[in-house]
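Here's a quick briefing on the model you've got open. Take a look at it first, then go through the notes below.

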Amino acid sequence: MQKGYGQYCPIAKWAEIFAERWTPLIIRNLHVGAHTFGEIAAGCPRISTTLLVQRLQGLERAGVIERRPNGGGRGSLYYLTPAGQELVDVALQLGNWGARWLELAPEDYDPFVVLWAWKMHVSLERLPQARIVIGFDLRDRPRLHELWDEVIASQQWSEGNMTRRFEAAWSAWNGLGAVVFSGWAGAALAALEFAGVSGETVLVPSNTFMATPLAVLHAGGRVAFVDCNREDLCMSFADFERAVHEHRPRAAMLVHIGGHIAFDSDRIAELCRAEGIFLIEDCAHAHGAGWARDGGATRRPGTWGDAGVWSFYATKTISAGEGGMLVSRHDDLLEFARAFRNYGKPDYVQTGLNFRLSEFTAALGLVQVERMEEIVAWKNAVARERLDPRYDARLRLPDGMVSGLYKYIVFEPVERSTGKVYDQPCHRILGHPDHLPNTDWVASGHWCVPLYYRPAPVTP
Ligand SMILES: Cc1ncc(COP(=O)(O)O)c(C=O)c1O
């Protein structure tokens, strides 16, 4: 900050603070949403660290900006004070004046700054999620084309070798027999039908996607909603136990919300076994998740219950665009599911419709499974190194649990949240009068930090 030069006119005083190289740009950067030192520096590409420190200190002394602690993260966050906010109008007016009266030479244009400005103005939560979250790695393009050539050569475009290979790959990862479906719903209906839920009650968490209760209703079951825990957003054992005694259900759906495994899975599965309740795990979010305890083997989602049902829909961590998978340790259920996805063929002793997956999509699923470990490791590395230090109020996993990080969940508002996992509990959507306080709390009290797989660049 320059020393005063003996002027008392407010314009002179203002100029002492503002009319310095970089200072208006720092104010602009703060105005467009840069708050960390790094973000502010990125919008002033040639400023030295020392000079930026000096400018920020000067602006803080002048009461134009304030520093706030960065949650659990490193460094501080910088915000405009009310006085600083008023300076934004001045800066924008200066910009208008410059655009109108100054001529820019080609060397004045800096593509880096243009890209930075675009990035700062993009409102991530308004981008269509389906477009930006597919973790397809372009390095897999040749492999996918090779597999598609195989499909074409095989002249079998459904229920062929690729379907079996996708099932085998999933089964190897999941540790259970697997049957491919065209989507989650077919797999869920097969499991519910096998469980015989028609006319019976099925316990379902309210904090889930509507697919979960709708599948039960479609299978002719009655839905009774269960509350969740605030810690993991998944079904609460305490409320599950209450609901078991109240409703005497035929089956239950346990949803692994957000990419980790429901913390109460052990106790819920144990009670289901003891009470003869058929347990279906909705694993639609949980690709890549695992839980290894006391040095034991890693246990995968879907292995607690009688069946696990997966989705490979376009937004999932591992996606084939569309697709589903049923996993189970019961051979009779696997056999039932294979017939169910194909109208009950060959003998039609059971119901079913067309839930087959095309061989081309199965090839895509296979490629994605082969890349899954890397995608999940990448997301976990970014979460540990970059996000955890910034978000102290985050969802915390028990020892030995790895999340596939479908969502990175925090319990504090974040500026660029991708939105909630679910902001409307299913019991409210369906007009059930249940009192589920944790579910209501979760619906309003969590946010998701964007965390999408960015594959390594393709080298020619
Ligand atoms: C928890 C949950 N269950 C079920 C589904 C349904 O999966 P699909 O879209 O493959 O039918 C989804 C999402 O798509 C989901 O998030």
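The domain bounds used here come from an automatic or database domain assignment. On that basis the chain splits into domain 1 (10-122) and domain 2 (138-449), with their C-alpha centres 46 Å apart. Keep in mind that this is a predicted model.

**Around the ligand**
- The ligand has 14 residues around it, and the closest are Trp 184, Ala 211, Ala 284, Ser 311 and Tyr 313.
- Sorted by class, that shell has seven nonpolar, six polar and one charged residues.
- Two helices, H10 (184-195) and H11 (211-218), each put at least two residues into the shell.

**How H10 packs**
- Two packed helices are described by the angle between their axes and the distance between the axes.
- For H10 and helix H14 (residues 331-340), the angle is about 125° and the axes are 10 Å apart.
- H10 is therefore oblique to H14.
- The crossing of H10 past H14 is right-handed.

- Strands of a sheet pair through backbone hydrogen bonds, either parallel or antiparallel.
- Here you'll find an open sheet of three strands in the order S9-S8-S12, and the pairing is antiparallel.
- Strand S9 (298-299) and strand S12 (401-402) are the edge strands, each pairing on one side only.
- Strand S8 (residues 290-292) pairs with S9 over two bridges, in the antiparallel sense.
- If you want to spot a bridge on screen, look for Ala 292 and its partner in S9, Thr 298.

Terms used
Residues are numbered from 1 along each chain as its sequence is written. This is a predicted model: local features need pLDDT of at least 70, side-chain atom pairs count only at pLDDT 80 or more; totals for chains, interfaces and linings use all residues. A residue is near a molecule or strand if its C-beta atom, placed from the backbone, lies within 6 Å of it. Helices (H or I, at least four residues) and strands (E, at least two) are DSSP runs, numbered from the N terminus. Ala, Val, Leu, Ile, Met, Phe, Trp, Tyr, Cys and Pro count as nonpolar, Asp, Glu, Lys and Arg as charged, and the others, Gly among them, as polar. Two strands pair if DSSP finds at least two bridges between them. Axes are lines fitted to C-alpha atoms, for helices over the stretch in contact, and angles run from 0 to 180 degrees between N-to-C directions. Angles under 35 degrees count as roughly parallel, over 145 as roughly antiparallel, 65 to 115 as roughly perpendicular and the rest as oblique. A crossing is left-handed if the near helix is turned anticlockwise from the far one by less than a right angle, and right-handed if clockwise.
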